[in-house]
Amino acid sequence: MEYENKLVLAPMVRVGTLPFRLLAADYGADITYAEEIIDHKIIKCERIVNDYIKSTDFVEKGTDNVVFRTCNEEKGRVVFQMGTSDAVRALKAAQLVCKDVAAVDINMGCPKSFSVSGGMGAALLTKPDLIHDILTTLRRNIDTPVTCKIRLLKSSQDTVELARRIEKTGVSALAVHGRQVADRPRDPAKWNEIADVVSALTIPVIANGDVFEYDDIQRIKVATGASSVMVARGALWNASIFSPNVEAHWEDVKKEYVRKSILWDNDVKSTKHTLKEMIMHYSCLEFPEGKAIIKSQNLADLAKVYGDEEYYESVRAYRIALDRHA
């Protein structure tokens, strides 16, 4: 995995599933992070090759719950992002997935209570010894590249000191979200403080924050000197942000996402969440489309919303035929 001059899809909970990662890759994303998955959850899974949709699934034992799904098409670029607060547990989780992904990333920036309350995400930012323990344990025991993603600390000097300590663990790259834990999405990202980290390190730094259109990619690279650029909300609203040639209309991107969700049998709750996030940015859920999505119970219902019943039935017929010949 190379980290120089790359366009990167950020990890987004309930969004960064296989269909959305492949959608972003189709538009030009070089590296695609999966949504954060907690170590406790992945170590309860077993690896299953899904012959019907040609995917590799990590399924919670004793259930049909697919915790993580990937496929050969993304093997060279998908990053498994983990929430953890324990080195031994992190290693156990990483060993389960590392052969099927391009890199393993430790989340050190999520400010949400479900993550912080368990000592994960942004809670790690104040525990440099634990950070060192987790990262060095992974680096010594798996061949897959290891990275992490952090937020800014209260001072730029503090952030730089932490980044230097992280670099010493031997990680392949560091992603920096240009906001502090207490900052809200509406607060401007501090690109200048990302630049301070870049100038202090020799490993690639991936800059993240306030990239909402393709031109912002070059702007943040110039402002920070970062090796690569990570995009979150800008990609969620329109995944064609990664394309230097053409910005597709968000309606077309949305329909392509629905098709990919059908093709890869994505969890309907995840698909609905992502569609609602797209719609709320441009429109309103109170319109007929939004109401129809909210009422949808399955992917077949969503196919009807977007006039794609024929596509849904063709995928279904293909799988039935495969099942008969199995």
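Colleague: What percentage of the residues in the chain are buried?
Modeller: This is a predicted model. Buried here means under 20% relative accessible area. Of the 326 residues in the chain, the buried share is 56%.

Colleague: What radius of gyration does the chain have, and what would a compact globule have?
Modeller: The C-alpha trace spans about 55 × 40 × 35 Å along its principal axes. For 326 residues, a compact globule would have a radius of gyration near 20 Å. The chain agrees with that, at 20 Å.

Colleague: Which residue does the UniProt annotation "active site" cover, and is that residue buried or exposed?
Modeller: The annotation comes from an unreviewed UniProt entry and covers Cys110. That cysteine lies in the loop between strand S8 (103-108) and helix H4 (113-116). Its relative accessible area is 10%, and the cut-off is under 20%, so cysteine 110 is buried.

Colleague: Which residues is cysteine 110 in contact with, leaving aside its neighbours within four places in sequence?
Modeller: Contact requires heavy atoms within 4.5 Å. With those sequence neighbours set aside, the partners of cysteine 110 are Glu36, Ser115, Val116, Gly121 and Ala122.

Colleague: Which helices and strands do the buried residues of H7 pack against?
Modeller: Helix H7 covers residues 191-200, and its buried residues are Trp191, Glu193, Ile194, Ala195, Val197 and Val198. They pack against strands S9 (146-152), S10 (173-180) and S11 (205-208), and against helices H6 (156-168) and H8 (214-224).

Note on methods: Residues numbered from 1 in each chain as written. Predicted model: local features only at pLDDT ≥ 70, side-chain atom pairs only at ≥ 80, totals over all residues. Heavy atoms only, no water. UniProt positions renumbered as here; feature names shortened; annotations may be inferred. Helix = DSSP H or I, 4+ residues; strand = E, 2+ residues; numbered from the N terminus. Buried < 20%, exposed > 50% of the residue type's maximum accessible area, 1.4 Å probe, protein only. Rg over C-alpha atoms; globule rule 2.2 N^0.38 Å.
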